[in-house]
Amino acid sequence: MIYKVYMSNGQPLAIEANEVRTDPNTGTQLLDGEGNIVAFFYSGQVGAVFPESAVVEAEVISVDK
């Protein structure tokens, strides 16, 4: 699965991994299917991590009656 990683400075990354682990003390790890670390970020470097298919924002449309 592709994960969108949004860095604290706003820079987006796309990383292929099977699992995401976050810990406020150690940071964020993206792991492959065998548990090997694909990417590692120190605590505070990552603002958010979402699966690429997730809807991060949507336009709200109101209907006038």
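**View A. A hairpin of 3 residues joins β3 to β4.** The model is predicted: local features require pLDDT of at least 70 and side-chain atom pairs pLDDT 80 or more, whereas totals for chains, interfaces and linings use all residues. Residues are numbered from 1 along each chain as its sequence is written, and side-chain values rest on heavy atoms, without hydrogens and water. Strand β3 covers residues 19-23 and runs antiparallel to β4, to which 5 bridges join it. Strands are DSSP runs of E with at least two residues, numbered from the N terminus, and two of them pair if DSSP finds at least two bridges between them. T22 has T28 of β4 as its bridge partner, and V20 has L30, likewise in β4.

**View B. Strand β4 is largely enclosed by the rest of the structure.** Towards β5, residues 37-41, the pairing of β4 is antiparallel over 4 bridges. L31 is bridged to I37 of β5. The hairpin of β4 and β5 has 5 residues between the strands, and within this hairpin G35 adopts a positive phi near 90 degrees.

**View C. Three strands form an open sheet in the order β3-β4-β5.** The pairing in this sheet is antiparallel. β3 and β5 stand at its edges with a single partner strand each, so one side of each lacks a neighbour in the sheet. On average, neighbouring strands are turned by 15 degrees against each other, direction ignored (axes are lines fitted to C-alpha atoms; angles run from 0 to 180 degrees between N-to-C directions). In a regular strand, side chains alternate between the two faces of the sheet.

**View D. R21 and E19 form a salt bridge.** The closest N and O atoms of R21 and E19 are 3.1 Å apart (criterion: a side-chain nitrogen of Lys or Arg within 4 Å of a carboxyl oxygen of Asp or Glu). The structure holds 1 salt bridge. R21 is partly exposed, at a relative accessible area of 42%, and E19 is also partly exposed, at 34%.

View E. The structure contains 2 aromatic pairs (ring centres of Phe, Tyr and Trp, the last by its six-membered ring, within 6.5 Å; planes under 30 degrees apart are stacked, over 60 edge-to-face, the rest tilted). Y6 and F50 form an edge-to-face pair, at 6.4 Å centre to centre and 65 degrees between the planes. This pair links distant parts of the chain, 44 residues apart: Y6 lies in β1 (residues 2-7) and F50 in β6 (residues 46-51). Y6 is partly exposed at 29% relative accessibility, as is F50 at 31%.

**View F. F40 and Y42 form an edge-to-face aromatic pair.** Their rings lie 5.3 Å apart centre to centre, with 85 degrees between the planes. F40 is partly exposed at 35% relative accessibility, whereas Y42 is exposed at 58%. I37 belongs to β5 and is exposed, with a relative accessible area of 52%.

Definitions and conventions
Buried < 20%, exposed > 50% of the residue type's maximum accessible area, 1.4 Å probe, protein only.
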